[in-house]
Amino acid sequence: MAAALALLAVAALCCGPAAAALPRLEHYTAKNDGSLSLLVVGDWGRQGTHNQSRVAEQMGRIGEKLDIDFVISTGDNFYDNGLKGVNDRAFEESFTAIYTAQSLQKPWYLVLGNHDYRGDVLAQLSPVLRKTDSRFICMRSFIVQAAEIVDFFFVDTTPFEKKYWTHPGKHHYDWRGVAPRGKYIANLLKDLDEAMKQSTARWKIVVGHHTMRSVSDHGDTKELLKLLLPVLEENGADFYINGHDHCLEHISSRDSPIQYFTSGGGSKAWRGVFQPNKDKLRFFYDGQGFMSLQLNQDQAQFIFYDVSGNILYKWSSSNTGHPQPSTNLDDEE
Ligand SMILES: *[C@@H]1O[C@H](CO)[C@@H](O)[C@H](O)[C@H]1NC(C)=O
């Protein structure tokens with residue numbers, strides 16, 4: 001816990017008004033070799049139900065083994081309707097009391113999902129939550145600069161999807177500080193473009209809630225392909241990491257080097273939908289699980305795990321031409 005608090009203090013100090021308008025956090029790795037390891041989980045907050053607790057337990061075990069530096073959440077942090085306020089019990093019941101392993105007592109960098117937007121967004125963004133649990137660092141769009149090798153660009157993707165604005169159905173979306181949509185998105189894309197242009201990091205990784213490419217229930221998000229993808233392509237993004245579809249996926253672009261990773265298996269899964277798109281599907285698992293990412297100057301390695309911590313799939317950047325889907329569920333390395 002002490003280590004996590006120290007890291008958080010560093011992160012908090014470094015969040016100043018940099019040249020770009022997006023808030024920027026610096027995360028120093030403790031590892032001597034300058035490498036970085038982390039876990040990615042999405043679509044999780046269900047008071048432990050739907051295998052959330054089993055995924056959490058295995059995250060703890062793998063987190064320990066990989067000596068992780070932090071955790072990334074791809075959003076939909078609290079079902080069904082985000083947080084009701086800063087005192088909502090869901091915060092403890094779905095986060096603090098679930099991710100209890102020692103290895104997970106590190107900063108959690110979180111984006112918001114569409115379900116979070118159905119609650120009190122300002123509460124979920126409030127630093128007051130850190131008094132209850134210091135790990136929780138949730139912002140709309142921000143940058144985490146880590147270990148001097150990677151810049152993570154966290155992007156608030158919910159406002160992009162037009163249907164939440166035009167066809168909210170019975171749901172209410174909390175657009176305070178966001179509306180009007182067009183202006184918010186234009187500013188965000190400009191800030192992101194500037195920040196990415198300034199980045200000198202070896203790796204540029206973009207994280208959002210919504211799918212850009214997906215073969216599961218939600219499929220591709222056309223607003224992101226139209227508006228966000230060009231900024232990523234223009235600025236040489238290596239990877240786009242998302243949740244939203246409750247599964248694990250790796251898809252390669254046909255027309256750019258960008259790789260898409262979905263880690264949305266934090267709780268409810270098994271949707272049973274498979275709809276291929278035009279990009280190159282490398283891996284798809286419809287059940288619960290999570291992802292690890294290990295990075296150094298030379299290589300980025302992604303691994304997907306199921307609810308029992310079995311390795312489902314491994315891919316590393318250095319063998320782009322020869323991906324190594326691991327079908328041996330007992331393979332621990
Ligand atoms: C929990 O995970 C197991 C193993 O994948 C699966 O058989 C079971 O259906 C899951 N439970 C739920 C509620 O999804």
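Predicted model: local features only at pLDDT ≥ 70, side-chain atom pairs only at ≥ 80, totals over all residues.
**Entry 1: the chain overall**

I started with burial: 45% of the 333 residues in the chain are buried. For me, buried means 20 or more other C-beta atoms within 10 Å of a residue's own, exposed means 12 or fewer, and partly exposed is in between, with C-beta atoms placed from the backbone. Numbering runs from 1 along each chain as its sequence is written.

Next came contacts, meaning pairs with backbone-placed C-beta atoms within 7 Å. Of the contacts between residues at least 6 apart in sequence, 74% join residues at least 24 apart.

**Entry 2: the core**

I looked up the largest nonpolar core and found 83 residues, with L39 and M291 having the most contacts inside it. Such a core is a set of buried Ala, Val, Leu, Ile, Met, Phe, Trp, Tyr and Cys residues joined through C-beta atoms within 7 Å. Leaving out residues up to four places away in sequence, M291 touches L39 itself, plus V40, L248, F261, S263, F302, I303 and F304.

I checked I143 too, which sits in strand β6 (residues 142-146). I143 counts as buried because it has 25 C-beta neighbours inside 10 Å. With the sequence neighbours up to four places away left out, its contacts are L22, R24, L25, D151, F152, F153 and A195. V206 is 63 residues from I143 in sequence, yet their C-alpha atoms are 9.3 Å apart.

**Entry 3: helix α8**

α8 (residues 222-234) has 13 residues and reaches 18 Å from first C-alpha to last, close to the expected 18 Å. That expectation is 1.5 Å times one less than the number of residues. Where does α8 bend? I found a bend of about 45° at L228, with a proline, P230, following within four residues. The bend is the angle between axes fitted to the seven residues ending at a position and the seven starting there.

L224, L228 and L232 are buried in α8. An α-helix has 3.6 residues a turn, so residues three or four places apart point the same way. The buried residues of α8 pack against β7 (150-155), β8 (203-208) and β9 (239-242). Just past the helix, G236 has a positive phi of about 65°.

I found a cis peptide bond from Y79 to D80, omega near -10°, with D80 in the loop between β3 (70-73) and α3 (90-96). Another cis bond runs from A179 to P180, omega near 0°; P180 is in the loop between α6 (162-166) and α7 (181-198).

I also noted D43, a non-glycine with positive phi, near 60°, in the loop between β2 (36-41) and α2 (52-66). Is D43 buried or exposed? D43 is buried, because 30 other C-beta atoms lie within 10 Å. W270 is not a glycine either, and its phi is about 60°. W270 lies in the loop between β11 (259-263) and β12 (280-285), and counts as exposed because it has 12 other C-beta atoms within 10 Å.

**Entry 4: the ligand**

W270 turned up again around the ligand, along with H50, N51, A269, G287, Q288 and V307. My cut-off was a backbone-placed C-beta atom within 6 Å of the molecule. The shell divides into 3 nonpolar, 4 polar and no charged residues. Here Ala, Val, Leu, Ile, Met, Phe, Trp, Tyr, Cys and Pro count as nonpolar, Asp, Glu, Lys and Arg as charged, and the others, Gly among them, as polar.

How values were computed: Contact = placed C-beta atoms within 7 Å. Helix = DSSP H or I, 4+ residues; strand = E, 2+ residues; numbered from the N terminus.
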